[in-house]
Amino acid sequence: MAQSKDVTLARKRALEHLTQGLLATGVFLFIISGAINVLALTGSFYMLQIYDRALTSGSIPTLAALSALAIALYLFQGGFDVIRLQVLVRLGARLDARIGPLAHSVAIDMPRFGFSVPESLERGRDVDTVRGFLAGQGPSAFFDLPWIPLYLAFIYLLHPWLGAMTIAGAFVLALLTLVSEVLTRNLNGASRAAALHRNTIADSNARNADVVKAMGFSGAAVRRFSLANAEHLELQTRTSDISGTFGAFSRVLRMLLQSALLGLGAYLTIKGELSSGAIIACSVASARALAPVDTAIGNWKGFVGARAAFQRLRETVAAFASASQPIDLPAPAASLTVEKLTVAAPGSGHVILSDVSFEVRAGQAVGIIGPSAGGKTTLSRAITGIWPALRGAIRLDGAELSQWRPDMLGQQIGYMPQDVSLLDASVEENIARLEAEPDARKIVEATRAAGVHEMIVRLPDGYKTQLGAQGLSLSAGQRQRIGLARALYGNPFLVVLDEPNSNLDAEGDAALQGAIESVRRRGGVAIVIAHRPSALAAVDLIGVVQAGKLVAFGPRDQILAALNRPVAQTSVQQASDLGASMRVPA
């Protein structure tokens with residue numbers, strides 16, 4: 001609970017700092033917008049002076065002086081416009097630079113908590129949405145809106161009736177904007193949810209393209225996508241219809257209002273209450289007064305999207321970013337302890353593993369066996385910190401995983417999942433975990449330990465070979481051995497291997513056994529999730545996980561001796577059946 005409060009407090013402070021920076025920039029932009037809008041009255045004053053002074057006097061010098069002054073003021077207005085645009089573009093870039101990496105870090109974290117890949121990547125798109133809106137015309141219109149009273153006052157000074165008509169028109173346009181917001185608010189949320197659902201289906205189909213193609217149900221997959229896409233399109237169409245309709249009405253109303261102002265101005269001129277120059281000045285000022293409203297309505301969808309995206313970024317940062325920076329603990333060298341560990345599946349909350357406790361000392365290796373869906377992979381994900389513990393603790397040398405800085409903890413953990421997916425990078429970068437300056441000696445040491453060095457040097461560019469998306473240019477066995485080398489890189493204290501020999505041949509099995517033995521010799525801890533008995537040859541302890549419980553834990557020979565068979569002839573299922581007869585140490 002205390003840690004949760006620290007997380008919230010630290011994140012609130014960071015968000016407050018960011019908000020203060022945005023407010024300071026907003027104040028500057030507000031002042032710049034004031035200068036722009038004051039200078040935008042140049043056209044109205046110019047027309048007023050031309051018709052009421054230069055034409056009546058017939059003075060060419062007066063006309064030239066007024067024109068020169070107007071040109072200078074227009075140039076100043078254009079300069080301030082450029083400054084405002086550049087500030088907004090840089091504000092978006094600054095926001096992206098600060099929040100983008102954190103949003104991507106959150107996107108990497110989100111699948112651990114049960115979110116789909118499209119939902120996770122949505123955080124990165126949220127950053128793009130906010131940055132794109134700031135670089136567009138929308139923000140300029142919103143900064144101009146507070147200055148509309150300036151134009152209304154100018155028009156009112158020309159004649160109260162003209163001012164009243166303009167105020168009424170601005171009120172109706174604002175009302176249209178409000179109604180559009182109310183009608184589209186729920187539709188925008190539903191449209192985004194439908195888009196995420198559609199993207200999730202598309203991502204699933206792409207990830208399973210081989211199976212879909214081989215077994216001929218691509219048509220069914222496309223139909224499923226089409227249904228989700230149709231729902232998204234229907235919602236998006238309804239939203240666009242509403243916003244487009246109100247946008248069209250606002251444009252028509254704006255043109256109607258300008259014509260009405262000209263007509264009213266002509267009437268007042270005929271009555272002798274207004275000059276001809278004031279008619280033109282009123283037309284120019286009213287157009288400028290209503291332009292921000294019209295532009296805001298046209299960009300309202302983008303504004304709503306950017307507002308929602310920014311709010312999601314704030315909530316995401318507050319929910320997922322770490323609170324305080326832990327101190328640098330010394331590298332673990334003594335033990336791994338699991339204390340009454342209970343783990344639930346992210347998203348569903350279904351408890352998969354319950355009350356698991358054991359301890360492994362430096363130099364030991366544990367083989368985790370048991371039937372499928374018993375909780376073995378869940379245990380490996382919890383031990384490496386991928387899935388959070390619902391209850392209990394995982395400790396390295398007595399310190400919980402949360403007490404370690406993530407980057408420091410990662411250096412002490414080597415992990416190879418069941419499905420090895422390599423990064424779209426070179427072999428060297430994959431093995432060195434994308435280190436900026438990888439140690440070539442450590443890379444070769446890891447590949448030799450995994451028995452994959454000779455295979456790598458035979459690749460077209462050796463260690464520099466680009467693997468492409470998910471490393472699909474390599475066979476499953478090659479990917480598994482490169483994944484093993486990555487897990488061994490830097491001699492981490494804890495090495496967790498989930499079914500490491502599922503795609504290995506006899507040579508790969510031998511290399512795997514040698515790698516496990518080398519971890520033990522250097523004083524590390526190895527956890528091996530096994531289905532094939534050959535992976536148990538190098539371990540000295542065995543744990544049996546069944547139905548989410550650790551039902552047996554002890555020396556390998558003791559468990560296997562109960563079956564009276566050597567390691568090579570012992571099936572994992574037979575070993576798992578010992579759960580009822582072996583006691584788990586407290």
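Predicted model: local features only at pLDDT ≥ 70, side-chain atom pairs only at ≥ 80, totals over all residues.
**Overview**

I started with the tally: the protein has 20 helices and ten strands. I took both as DSSP runs numbered from the N terminus, helices being H or I with at least four residues and strands E with at least two. Residues are numbered from 1 along each chain as its sequence is written, and side-chain values use heavy atoms, with hydrogens and water left out.

Next I looked up burial, and buried residues make up 44% of the 586 residues. Here buried is under 20% relative accessible area, exposed is over 50%, and partly exposed lies in between (1.4 Å probe, protein chains only). The protein exposes about 28700 Å², with 60% of that supplied by carbon and sulfur atoms. Those areas come from the Shrake-Rupley method with a 1.4 Å probe; for residues, only the protein chains shown count as cover.

I also checked contacts, meaning heavy atoms within 4.5 Å. Of the contacts with a separation of 6 or more, 76% come from residues 24 or more positions apart.

**The open sheet**

I traced four strands in an open sheet, ordered β2-β1-β4-β5 with antiparallel pairing. β2 (351-361) and β5 (399-400) are the edge strands, each with a single partner, so one side of each has no neighbour in the sheet. Strands pair if DSSP finds at least two bridges between them. β4 (residues 391-396) is joined to β5 by two bridges, and I found Arg395 partnered with Glu400 in β5.

**The β9-β10 hairpin**

β9 (residues 541-546) pairs antiparallel with β10 over six bridges. I noted Gln546 opposite Lys549 in β10. Two residues sit between the strands of this hairpin, and Ala547 takes a positive phi near 55°. Five of the seven residues of β10 are buried, so the strand is largely enclosed by the rest of the structure.

**Aromatic pairs**

For rings of Phe, Tyr and Trp (its six-membered ring), a pair needs centres within 6.5 Å; planes under 30 degrees apart are stacked, over 60 edge-to-face, and the rest tilted. I get six aromatic pairs by this rule. Phe358 and Phe553 have ring centres 5.2 Å apart and planes at 20°, so they are stacked. This pair links distant parts of the chain, with Phe358 in β2 and Phe553 in β10 (residues 549-555), 195 residues apart. Phe358 is buried at 5% relative accessibility, and Phe553 is buried too, at 9%. Elsewhere I jotted down a cluster of Phe133, Phe142 and Phe303, linked by ring pairs.

**Val420**

Where is Val420? I found Val420 in the loop between β6 (413-416) and α14 (427-431). Its relative accessibility is 12%, so Val420 counts as buried. Setting aside neighbours within four places in sequence, Val420 contacts Arg479, Gln480, Gly483 and Arg486. Val420 and Arg479 are 59 residues apart in sequence but 6.4 Å apart in space, C-alpha to C-alpha.

**A nonpolar patch**

Last, the surface: Phe171, Val172, Leu175, Leu178, Val179, Val182 and Leu183 make a nonpolar patch of about 610 Å². Leu178 belongs to helix α7 (residues 160-207).

Terms used
Patch = residues over 30% accessible without salt bridge, like charges linked within 9 Å, V, L, I, M, F, W, Y side chains within 5 Å. Salt bridge = Lys/Arg side-chain N within 4 Å of Asp/Glu carboxyl O.
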